[in-house]
Amino acid sequence: MGRELIGYYIGNNVQLEIAHRKISNFDSKSRPGNSFILRETMMRLFLYLLEYGNEKIATNEQILYHVWDLHGLKSSNQRLWQVIQALKLRLVALGVQHDFIMRIETFGVKGYTLKSELIRPFYFYHDNCSQIER
């Protein structure tokens with residue numbers, strides 16, 4: 001059975017669609033247009049945090065390398081901070097807890113982690129053509 005990660009649910013009402021780089025609040029009480037299309041770098045950052053900052057610390061160095069350097073972009077701690085802040089603002093605007101993305105500085109390690117209890121990936125299963133939440 002083949003499966004493909006197609007997105008994430010964040011909290012109760014926010015959904016990230018990977019293919020469309022779209023994050024939206026799907027609560028029936030929210031006003032229409034309550035969504036954002038993420039730029040490529042912000043999307044790579046968010047996906048990296050969802051994969052590697054979920055229940056552990058993704059260090060600044062790891063993030064800078066995987067999100068910027070590997071894609072031929074100039075990385076810096078200042079740029080990382082700016083994109084994190086912009087991402088947090090979008091998430092809060094959609095109703096995600098303000099501390100969903102947490103900055104960690106401990107024992108000389110600086111990085112970010114996510115509140116893993118709010119994250120649920122969802123997959124497309126190829127053999128039976130169904131979408132199943134996990």
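Let's start at Glu 40, which is exposed because its relative accessible area is 52% (exposed means over 50%, buried under 20% and partly exposed in between, with a 1.4 Å probe and protein chains only). This is a predicted model, in which local features need pLDDT of at least 70, side-chain atom pairs count only at pLDDT 80 or more, and totals for chains, interfaces and linings use all residues. Residues are numbered from 1 along each chain as its sequence is written, and side-chain values use heavy atoms, without hydrogens or water.

Glu 40 belongs to helix 1; helices here are DSSP runs of H or I with at least four residues, numbered from the N terminus. Between the C-alpha atoms of Glu 40 and Arg 21 there are 7.8 Å, although 19 residues separate the two along the chain.

Now follow helix 1 itself. Its 13 residues, 40–52, should span 18 Å at 1.5 Å a residue, and this agrees with the 18 Å between its end C-alpha atoms; the expected span is 1.5 Å times one less than the number of residues. Buried residues in helix 1 include Thr 41, Met 42, Phe 46 and Leu 50.

Two of these names return in the largest pocket, whose lining includes Thr 41 and Met 42 along with Trp 68, Arg 79 and Arg 90. Helix 1 and helix 3 (77–93) are the elements that give two or more residues to that lining, and helix 3 gives the most, with five. The pocket holds about 150 Å³ of space.

Notes:
1 Å grid on protein atoms, 1.4 Å probe; cavity = no way out; pocket = protein on both sides within 12 Å on 5 of 7 lines; lining within 4 Å. Points joined across faces, edges and corners; volume = space filled by probe spheres on them.
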